[in-house]
Amino acid sequence: MKLISWNIDSLNAALTGESSRALLSRAVFDTLVAQNADIIAIQETKLPAKGPTKKHLETLHRYFPDYLQVWRSSVEPARKGYAGTMFLYKNNLNPIITFPEIGAPTTMDAEGRIITLEFDKFFVTQVYTPNAGDGLKRLKDRQVWDQKYADYLTELDAKKPVVATGDYNVAHKEIDLANPSSNRQSPGFTDEERHGFTNLLARGFTDTFRYLHGDVPNVYTWWAQRSKTSKINNTGWRIDYWLTSNRLTDTIRRSEMISSGDRQDHTPILLEIDL
């Protein structure tokens, strides 16, 4: 099975915009089409509460005619047009779809952050983890989220093996970002967030990229848009992951990044696994 995950940073902009960035985003779609994945997980869709429009669905169908889609948007009392997730999956698949709430603080459960697909012998679930925010104003809530999310994955894992993906908004170790020393108090690299991810893995999950590639350096999934040279200089962060239950590690075949060309922000990540 081939699976892809991508934080798109606005599905609407990617599908309907005419800016240079929108064109770069659609070029990434062309790349994903060529991959012919079984499942594509998309984060930060930023769609309205009612979900994709008719135009969005028509455009997605042109790119992915053999796929069905399921989406989850941010709804009140959370901010509109914020966060959000979507799965595209081949139409020969027939998963049970759930939209879990994990008892997260503030409006996090209303922000469309988790979708889970249940198959006969495994789960595939995606997450868009809340950012700790400017000035780390959401860090305490983020710590609660990390614990609740780890509890949720553990509950799934007790039933059947789990394949989990998404933008986890944390660089786990120093090797996972270009400039660790200057980012000690930056969102995504605080000791608290890194500990949260360590705790998640300790609950019985494997970072598939590190499992296959060890401590290979300078491989990232995100480059800041605010810096025009971040991708040219590869001053990136690895904050997007494919995780599996530990008992699935022998079935992992590939875990790697898919090139997004000149487009900064997140790049898609790929997992091939024998399920």
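Me: A residue counts as exposed when its relative accessible area is over 50%, and as buried when that area is under 20%. In this predicted model, why is Gly135 called exposed?

Reply: The relative accessible area of Gly135 is 75%. The cut-off for an exposed residue is over 50%, so Gly135 is exposed. Its place is the loop that connects strand 7 (123–128) with helix 4.

Me: What makes Glu44 count as buried?

Reply: Glu44 has a relative accessible area of 13%. A value under 20% means buried, and therefore Glu44 is buried. Glu44 belongs to the loop between strand 2 (39–43) and helix 3. Although Glu44 is not a glycine, its phi is positive, at about 55 degrees.

Me: Why is Asn234 called partly exposed?

Reply: The relative accessibility of Asn234 is 26%. Buried residues lie under 20% and exposed ones over 50%, with partly exposed in between, so Asn234 counts as partly exposed. Asn234 sits in the loop between strand 10 (222–223) and strand 11 (240–245). It is a residue other than glycine with a positive phi, near 55 degrees.

Me: How do you know that the buried residues of helix 2 line one face of the helix?

Reply: The residues concerned are Ala22, Ser25, Arg26, Val28, Phe29 and Leu32. Viewed down the axis of helix 2, they fall within an arc of 150 degrees, so they line one face. These buried residues pack against strand 1 (2–7), helix 1 (11–16) and helix 3 (54–63). Ser20 and Ala34, on the other side of helix 2, are exposed.

Me: What makes the span of helix 2 close to the expected one?

Reply: Helix 2 (residues 20–35) has 16 residues, for which 22 Å is expected at 1.5 Å a residue. From first C-alpha to last, the helix reaches 23 Å, close to that value. Asn36, which follows helix 2, has a positive phi near 55 degrees.

Me: Why are helix 4 and helix 5 called roughly parallel?

Reply: Helix 4 (residues 139–157) and helix 5 (residues 191–202) pack at an angle of about 5 degrees, and their axes are 9 Å apart. Angles under 35 degrees count as roughly parallel, and the two helices are therefore roughly parallel to each other. Among the residues making the contact are Leu139, Arg142 and Tyr149 of helix 4 and Glu192, Gly196 and Leu200 of helix 5. The contact residues divide into five nonpolar, four polar and four charged.

Note on methods:
Residues are numbered from 1 along each chain as its sequence is written. This is a predicted model: local features need pLDDT of at least 70, side-chain atom pairs count only at pLDDT 80 or more; totals for chains, interfaces and linings use all residues. Side-chain values use heavy atoms; hydrogens and water are left out. Axes are lines fitted to C-alpha atoms, for helices over the stretch in contact, and angles run from 0 to 180 degrees between N-to-C directions. Helices (H or I, at least four residues) and strands (E, at least two) are DSSP runs, numbered from the N terminus. Angles under 35 degrees count as roughly parallel, over 145 as roughly antiparallel, 65 to 115 as roughly perpendicular and the rest as oblique. Contact means heavy atoms within 4.5 Å. Ala, Val, Leu, Ile, Met, Phe, Trp, Tyr, Cys and Pro count as nonpolar, Asp, Glu, Lys and Arg as charged, and the others, Gly among them, as polar. The expected span of a helix is 1.5 Å times one less than its number of residues. Buried means under 20% relative accessible area, exposed over 50%, partly exposed in between (1.4 Å probe, protein chains only). The arc is that of the directions from the helix axis to the C-beta atoms.
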